[in-house]
Amino acid sequence: MTPPSHWDFPVELCCRPMAFVTLTGLDVVYNAVHRAVWDAFCANRRADRVPISFKVLPGDHEYPKCRTKRTSYEWYIPKGILKTGWMNKHLNLVPALVVVFYELDWDEPQWKEKQLECATRVEIVRQSLQGRNTKVAVVLIQKKTPLPPGEDVIASERAAALCNACDLSGKSLFVLPHTDHLVGYIIRLENAFYEHAQTYYYTEIRRVKSHKEFLNKTTHQLLFVRHQFKIAFFSELKQDTQNALKNYRTAYNLVHELRAHETNMLEIKTMAGFINYKICRLCFQHNTPLDAIAQFRKHIDLCKKKIGSAELAFEHAAWMSKQFQAFGDLFDEAIKLGLTAIQTQNPGFYYQQAAYYAQERKQLASMLCNHDSSVTYPNPDPLETQTGVLDFYGQRPWRQGILSFDLSDPEKEKMGILSLQLKEKNVLHSELIITLLSNAVAQFKKYKCPRMKSHLMVQMGEEYYYAKDYAKALKLLDYVMCDYRSEGWWTLLTSILTTALKCSYLMAQLKDYITYSLELLGRASTLKEDQKSRIEKNLIKVLMNESPDPEPDCDTAAVKASQKLWADRVSLAGSNIFTIEVQDFIPFVQCKAKFLAPSFHVDVPVQFDVYLRADCPHPIRFSKLCISFNNQDYNQYCVVEEAYQKSDILEQSSQGTMCLVPGKTRKFSFKFVAKTEDVGKKIEITSVDLILGSESGRCVILNWRGGGGDASSSQEALQASRSFKRRPKLPDNEVHWDTLTIQASTMIISRVPNISVQLRHEPPALTNEMYCLIVTVQSHEETVAKDVKLTAGLKPGQDANLTQKTQVTLHGTDACDDSFPALLPDIPVGDLQPGEKDETVTIDTVFPFDVAVKFVSTKLEHLDRVFADIPFLLMTDILSASPWPLTIVTSKLQLSASMTPVDQLESYVENDLPSFGRVRESLPVRYHLQNKTNLVQDVEVSVEPSDAFMFSGLKQIRLRILPGSQQEMLYNFYPLMAGYQQLPSLHVNLMRFPNFTNQLLRRFIPTHIFVKPQGRQADDNSIAAA
C-alpha cells in the first residue's frame, strides 16, 4: 500500500449499503427474454424503488466459504479489529438472497422432468451456500399471464409439488409472466426479494449478538468493537438507519476504550475514523447536521493527540487531513441534497483545515524523511504482504496480527519505518494541498466569504511556488493583490509581492519583475531598508540590460535554470521598452498634476505644475517627463528631458533636473498659450509619462492616467482630509505632499471685454402693466468696433408660461399685446470695441390686486357650501399690492359658466324675531317650518329652555307637513336678564331623514338676541301682557 492511497477511505465504507441479491439461471447474452428481465431489474432505478444491489451469477457459482462456527471464545485471541475484506464480502460477495430463474409453465407437458431439473438447480445453489443463512427463492418465467389465485387448480397443485421438490416455502416461489407489463411484475418481485433480504440481515444481526455472551472484556476488547460494527453495518444493509446509528455510536465509544499504545495507535485511529465517517454520514442522512458536526468535533478532540510513532508523525497529520476532507465531502454532498449551509458553517472550513494538516504533513515529512541519497529502499520490501493487501485495517504490513506492545523484531520495525519515510518523500504534497485549498476556495466563493477566499488563494499561490509551477503561482497571487491593495493590508501585500518577485525572477519575466520591484520599493512595502536597497540595485541592473542577482531563499536548481533564461534575455535584441500603467498598483514614485486655476482666459498663458515624489532608499535619476493632453498640439510644450550616462541612474547626488531624492517633493512647472479655437472647451491632462532608463539599455515608462494617482492615492487623500494632525513647517519652496490635490482639467474662456452696461429701472413690476428699463452701453476700449448689437428680453431657459405672457418693445409709448416677442435680438447699437457683455437683472414682479371672495350666511357666518333656495351673501375683499396708489375705474363680478350643483336641504326654518328685547317685556317669535321635499314629512319639534328666558308655547310637538307647504309656530319669550343672551334653542328632527341635523338649521335660526334693561317706569301694557 503506497502512502498516497493509504489514507483514502475504502469504497465499500463510503458507498450506501444495499441488500445484495444474486440472480441465477439468466442467460443475458444469448436469451432475449432473460435480457429483458435483467434490464427491467437494472434500468431506471428511481429513488422510489427498493434499495437492492443485483448481480447475475451462474447457478454453480462458488460463494465465499463459511468458516466453521466457533463453539467457544475462551481461548480465542483476536488478531485485529476488522478484516479488510469483510465489508466488501457482504456488499458484493455473500448474497442475502439467491434467486433461481427457471422457464416453466403450469401446463408444461414434461412437467416431471422440468420439476426435477429445477429442484437440482436449487440444490446446487444450496450446496454452494453451505453454512450460510442466505435465502433461496425460485422465479418461474412463464409465457402466459396466470389466472387469479384459486381459479387455476392445476397451477396450485403443481406449485405445491414444486415447493416440496425444491424444499421451499410457498413464499419463496414466484411466477414472472413475460408480458407487456413486465416492469410492473419486476417491481412486485423486488419488493418480495427485499422482504427476504431483510429477514436474512435480521438473522445475521441476531447471530452476531449471540456471540456477545461468550466474550470477556479482558482478552476480547477488539471483538466488542468488531461485533458492534458488524451489527451496525448489517442494520444499514437492512435499511434500519436509526439502529445502525445507535450501534455505530456504541462501537465508537468502545474503540476509545481500547488500550492504546504506539504499536496499535494506527489501527485504533483507522477504525475510529471509519466509524466516525459512518456516524456523520447517517446524521446528515437523517437531516441532523448539528449532530454530525458535534460528533466530528468530538472525534477530532479525542484523536488529535494520538500521534503514535514520533518517526511517523507525518502519518498522523495525513490522517487528520483525511478526516477533515471526508467530513467536508459529506457536508457538501448533504448540501447538494437540500441541506442549507451558512457563511460561518460551510464545507470550506473543513477543506481549509484539511489543507492545514496537509501542510503540516509536508513540513513533518521534510524533517523526518530528509535522508541522504545513499540511503536505499529496504529489500525485501517491509510493506509487501503475501496477498498484496492487509488482513486487518490499520495494521503494519511487517507485523500483522501481532498485538503485543513489545516489538519482537526492532530491526524489522526500523526497516518498516524507513520504507514508509522513503515512500512519503516521493509524495507530491503540494498537489494534495492545492486540491484541498481549491475545494475550500470554491466553497468560500459560493458562500460569499471574500477575505477567506483571498487568504486561501494566497496559500494556493505559495504552494504552486513550492511545486515550481511559477506561472500558476503568479496568476493566483496577482489576482489577490488587488484586494489587499484596496483594503490597505500592507504587510500581507508585501509578503505576496515578495513571493511574486521570486516567481518572476525564476521565470525571467522582465515586465513582471520590474513591476513588482517598483512596488516593493514604494510606500506600501514594509520591507527593511537593506532589502529595498538590494531590490533597487537589481532593478537598476535590469534597466542596464544586465542580469539581476538571485532572490534569497530560492531553490538552487531553479536559480541555475533562471540564470540561463536571464542570459538569453540580455543577448536578445528584442523590444526593451516597457510601459507600466501605475493606476492599478503602488509604485515607488508618486505623481500629482495640478492646473493653477479652474479656468484661464484665452489671452493668459495656461499654467500647471507636476509634483513628483520618490519613496525608494536611494536617489534615482529619470530621463524624461512627458505630459499628454486631450488636444495633442500642446504635448510638445510640456516635456522635460535630461541626457545622462546609463551608469548614473542610481546616483547619491541630488543634483540634476530629473534626479528625485527620497522623501522630497519635486515640482516641475509648465505653461503654454491656449488656441483661440479652444475657447469654451475643456483642456484635460490625459496622462503623465515618467521614463526610467535609456534606450541604450532598457526603458521603463511609468504611465499615470489623468493627473496622476495610483491604487492607494484616493484612500490616502481621504485620510489626510480627515486628519487633525499638525504638520511641521516646511521651507517656502517645499510643500506637504498630502495637501496637494490633483486638478487634471481647466476651462478656456474668452477674454473680458472692456465695456460697461448699466440698467436703470424702478422695481417692482406689475403684472399686465408696462415696465420701463433704460440700458446704457459704454465702451472703454482704445479702438472703435463697428456693428455692435444688443439683445434684450427675458433670459432664455425660464418658465414657458412666463415667456409666452411677457412682451418686450423698444418704444416705451407702445402698449404691448400678444404679437410682441419676449426677446429682441440684434438691436443695432452703433460702433464699439469688439466684445460682448452680458448683464442680467432680476426684477420682482407682483400682481396689482389681490381679490378674495368668500361665502357667508345671512348671519355673516362662513359657509363651506350653499343650499338651493336658501339665501346667502357673497363678500369680496380687494387688496392693493402696488407701492403706488391705484385708481379702480370699473369692476365686474362674473360667476363661472360651469356652476356645480348645490345640495338640496330637506327642511328650512324661517323666523320672525324683533331686533332686540327688553327685560320683563314679552318677545313674540314666529318659526316657519318649510318642507322642501316631495314627500310628506313627519317632524318632531322641541324647544330647549334658556336661563335668560321664560317662554310660552309648545315645548315638544310632533306634526306632519305636506310637500311644498309650511307650518307656523308661535312662541312668547319673556327675557329675565339684560345683555347679549342665548335664546331657547329650537330642535327639529325629520323622521324620514335621520341624517338631517340641527347643525344645518342653526345657520338660519338666530341663537342670541340683545336684551335691553327695564325702563324706570314700567309700561302697564307690557305688565298686562306678561
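In what order do the three strands of the open sheet with antiparallel pairing stand? The order is β31-β29-β34. The structure is a predicted model, in which local features need pLDDT of at least 70 and side-chain atom pairs count only at pLDDT 80 or more, while totals for chains, interfaces and linings use all residues. Residues are numbered from 1 along each chain as its sequence is written, and side-chain values use heavy atoms, with hydrogens and water left out.

Strand β29 (residues 937-944) runs antiparallel to β31 and is joined to it by six bridges; Glu940 stands opposite Arg958 of β31. Here two strands pair if DSSP finds at least two bridges between them. Helices (H or I, at least four residues) and strands (E, at least two) are DSSP runs, numbered from the N terminus.

Strand β11 (residues 624-629) is largely enclosed by the rest of the structure, because five of its six residues are buried. Buried denotes under 20% relative accessible area, exposed over 50%, and partly exposed the range in between (1.4 Å probe, protein chains only). β11 pairs in the antiparallel sense with strand β12 (residues 639-641) over three bridges, and Leu625 has Val640 of β12 as its bridge partner. β11 is also joined by six bridges to strand β15 (residues 682-693), and the two run antiparallel. In β15, Leu690 stands opposite Leu625.

Strand β4 (residues 135-142) is likewise mostly covered, with seven of its eight residues buried. Strand β3 (residues 97-103) runs parallel to β4, and seven bridges join the two. The bridge partner of Glu103 in β4 is Ile141.

Two helix pairs were also examined. The axes of helix α12 (residues 313-336) and helix α13 (residues 347-368) come within 8 Å and cross at roughly 165°, which makes α12 roughly antiparallel to α13. Axes are lines fitted to C-alpha atoms, for helices over the stretch in contact, and angles run from 0 to 180 degrees between N-to-C directions. Angles under 35 degrees count as roughly parallel, over 145 as roughly antiparallel, 65 to 115 as roughly perpendicular and the rest as oblique. α12 passes α13 in a left-handed crossing. The residues of this contact (heavy atoms within 4.5 Å) comprise 18 nonpolar, four polar and four charged.

For helix α17 (residues 470-487) and helix α18 (residues 490-506), the axes come within 9 Å and cross at roughly 155°; the two helices are therefore roughly antiparallel to each other. Their crossing is left-handed. The contact includes Leu474, Leu477 and Met481 of α17 and Leu493, Ile496 and Leu497 of α18. Its residues divide into 15 nonpolar, two polar and one charged. A crossing is left-handed if the near helix is turned anticlockwise from the far one by less than a right angle, and right-handed if clockwise. Ala, Val, Leu, Ile, Met, Phe, Trp, Tyr, Cys and Pro count as nonpolar, Asp, Glu, Lys and Arg as charged, and the others, Gly among them, as polar.

Asp8 lies in the loop between α1 (3-6) and α2 (11-14) and is partly exposed, with a relative accessible area of 41%. Asp8 and Trp319 are 311 residues apart in sequence and 9.1 Å apart in space, C-alpha to C-alpha.
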